[in-house]
Amino acid sequence: MIEVRNLKKSFRVHVKKPGLLGSMRSLFVRNWVEKHALKGVSFNVEPGEIVGLLGANGAGKTTLVKTLAGIVYPSDGDVKILGHVPWERKNEFRRQIALIMGQKAQLWWDLPAEDCFLLLREIYSIPRQKFHDKLNFLSETLGITEQLNIQIRRLSLGERMKMELIAALLHEPRVVFLDEPTIGLDFTAQKAIRDFILQYRSQHQPAMILTSHYMEDIKALCKRIIIIREGEFIYDGPLQNIVNTYTKHKIVSLHLEKEISPPNIPHEIVAAEPQFLKIKIPRDQVAPSVNSLLQSLPVADLTIEEQAIEDVIEALFRGEM
Amino acid sequence: MTRYFRLYLHFLRFSFSKAMEFRVDFFFRIVMDCFFYAINIAFYQVLFLHTSTLGGWNEEQAMIFVAAYILVDALQMTIFSTNLWWFPIFVNRGDLDYYLVRPVSSLFFLSVREFAANSLCNVFIAIGIMIWAISSYSQPLIWWKILLFVLLVVNGTFIYYMVHMLFLIGVFWTHSARGFDSLFRHLCLVHERPDGIFHGATRTVFTTVLPFCLMCSFPARLLFEDFQLSVLLHILITTMLMFFVLRWAWKFSLKAYSSASS
Amino acid sequence: MWTLQVFTLEMRKIFSYRIDFWTQFIAYIVVWVGISYFLWSSIFAQKGIDSIGDYSFHALMLYYLITASVAKIIRGQDIGQISREIYQGELSRYLVYPIPFFLYKFVCHLAHSFMYFIQLIFAIVFFACVFGLPVEITITYDRVLMCFLFLLLSCYLHFSIAAVIEIVSFWADNVWSLLVMLRFISGLLGGALLPLVLFPEWAQKILYTLPFPYLISFSSEIFLNKVTYAQTYKATFIVFAWSVFFNIIFAVVWKKGLRQYSGVGI
């Protein structure tokens, strides 16, 4: 459904020297710096797939999403979405996609949501009966039927986001881009939105691309994630595999029965207290090492942990892995 | 086409329900425009204390001309003004994004989505002034000429919008439209003056590239003077050309917007 | 002196977008005086006269140049500043300062006026260099000084009127239109559209008791030597009277408004 080949996007930024002289100079001579937001990325997304797009601020997530939605012209590369080139912005294409940006409202501030939806019905030429069924269904699922007639600006942030979701999904898009859909929401609202997205997916099998800063979103929604750093994909694969691929260690914690002097162990000791030890052991040596630890030390209790997925991804963002 | 018409009906509905809320402002804006009309009429009245003709027109003719540009003002305030006021702000905040993903012309959407319901009263007042000016005209006027005149004044509103939009379109590159916008507002004064006072290169500019004289002066000419097909064609062809230029410029600047944003 | 601090701070703010500032001013003056040129040259030519209401064509153009600049000077800052602050709840910021709000805002306003004043001087010098000064006008120091002092009064009077309108926004959502109305009225009745001598006798009599002529045209008339000393004294008195009148209204409305305000958005 979404095919991306070697997509590149660079743009020029104008750098200005500070101070009065700097701004006078910039009137005549402008210094430009080439910024590469995307450095040739390729991937496919299939129907029914929700791909989580992760990356630090400025890594290129939003640029990628906007390029796929047809808002941004790329510098190079090919994109085919439902057989269309997004930035040609054919009506046929725009009718089948939806874009939700958590930080930008699309609904009109002064109007009740229902009025906005009626306008959207016109924009997307949705048949009347279908529109009403759809609206009833969506608003009931999200539990905001009561709020449909209240002006957007009087709604809570969570309710507003739910309205934005309805607005985006009324025309049953086959490709959905979600840019930080849960930003700033409380936990219950986040969960409601996640459940709703899953439900939409199971009914319509759209291709979805989701960016979010909340790991909870990613864990709940995406089987596959793409990690982007400085315009390049550094990981594209199942969420579950990321820990196996990138962490070479497990953490073994030992509670001891009595105080001992620091033992002589061939592994890195992360933390040592009189009756407690935390040891980093390479994945392939966990079983034999634990065995020998149990024999040589007075162990009262023992736990083996994976490194948290959040930490792994964080480290990837920073380029530490 | 019918879809666009139905979309526009929605915009109308929205604006009326919104206008019902802000009562005081609703009233202020009507009064403000009335003052504008009164002052313009007074200005020409005072001028004609000191001269009998201005740019080839006598006082009665000048009043019809004033009524015409008042009507243009009322119409553009109602249909376009609010939208064009927001437009540079939208571009700078990057709010165009949502308009670009919809299967509707973004230029249409951005230009007419906010209908100023409160200014609609002023359109009626402006029509009233027009009726007064035409009925107090002492020479006979042919009905089809009056009809043509009114139609061309409406067309003048459209020209007004297009010129304004072309001035604002620079915001895609400069990120501040204040300079362009204020230049347009100053230049706008040209359409409130009879074209007869301009001559030479200035006149050429104001009848072609910056067609301010085609908004009200030329239509008024067709009403008072012998009908000249060339004048009518001049207006129509310029309107059409401007429309194509605007469409092209819009496409071109969207490309710039898309290439520059990230 | 905090007033000086506020003044220079505001000046620095203006300087940060000076390019806009100058291009806008030049465009404004060129277009405005240009259109007046075409309008009046057509009237002068049509009637075959060389002066109207004791203005020669040359002096009339200078009159338009000065009044156009003065209109900018007295309006100073972008209109709607105070009302915006009230509407958005930013007023609280000023209320905690140990200085009177009215004076604070007036000083800010003066900084903008001052910038436009510099532009006016440039404009006059430019005009004098390119077209020369009208023969009937000789510039004397005392007249220039008087013109400058009167301009200050005009600024204060306009600020006093505008301030009253701005604080209507304690009750109304948007007073922008009221301020535009003030601009329209002061444009016509203040003499920016036409010299006031062209108005009918009876209208002039009424006009000169109203505040409007003293906002825009009077300082230009001083500069162009159209008024006597006696008239200037009288004008000064009228400006004072109107200023006091509007200041009293401001004080009353402000007091009521603050009670109403109750710090929206704190």
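User: What does contact mean here, and how far apart in sequence are the residues joined in chain C?

Analyst: Contact means heavy atoms within 4.5 Å. In chain C, take contacts between residues at least 6 apart in sequence: 79% of them join residues at least 24 apart. Bear in mind that this is a predicted model, where local features need pLDDT of at least 70 and side-chain atom pairs count only at pLDDT 80 or more, while totals for chains, interfaces and linings use all residues. Residues are numbered from 1 along each chain as its sequence is written, chains are lettered from A in the order in which they are written, and side-chain values use heavy atoms, leaving out hydrogens and water.

User: Okay, how many residues does the contact take from chain B and from chain C?

Analyst: Chain B gives 35 residues and chain C gives 33 residues.

User: And how much area is buried between them?

Analyst: Buried area is the accessible area (1.4 Å probe) that two parts lose on being put together, summed over both. For chain B and chain C that's about 3,200 Å², with carbon and sulfur atoms giving 76%.

User: How many salt bridges does the rule find across that interface?

Analyst: A salt bridge needs a side-chain nitrogen of Lys or Arg within 4 Å of a carboxyl oxygen of Asp or Glu. Across the interface of chain B and chain C, the rule finds zero.

User: What share of chain C counts as buried?

Analyst: Buried means under 20% relative accessible area (1.4 Å probe, protein chains only). Of the 266 residues of chain C, 56% pass that test. As for overall dimensions, the C-alpha trace of chain C spans about 65 × 40 × 35 Å along its principal axes.

Technical notes
Buried means under 20% relative accessible area, exposed over 50%, partly exposed in between (1.4 Å probe, protein chains only).
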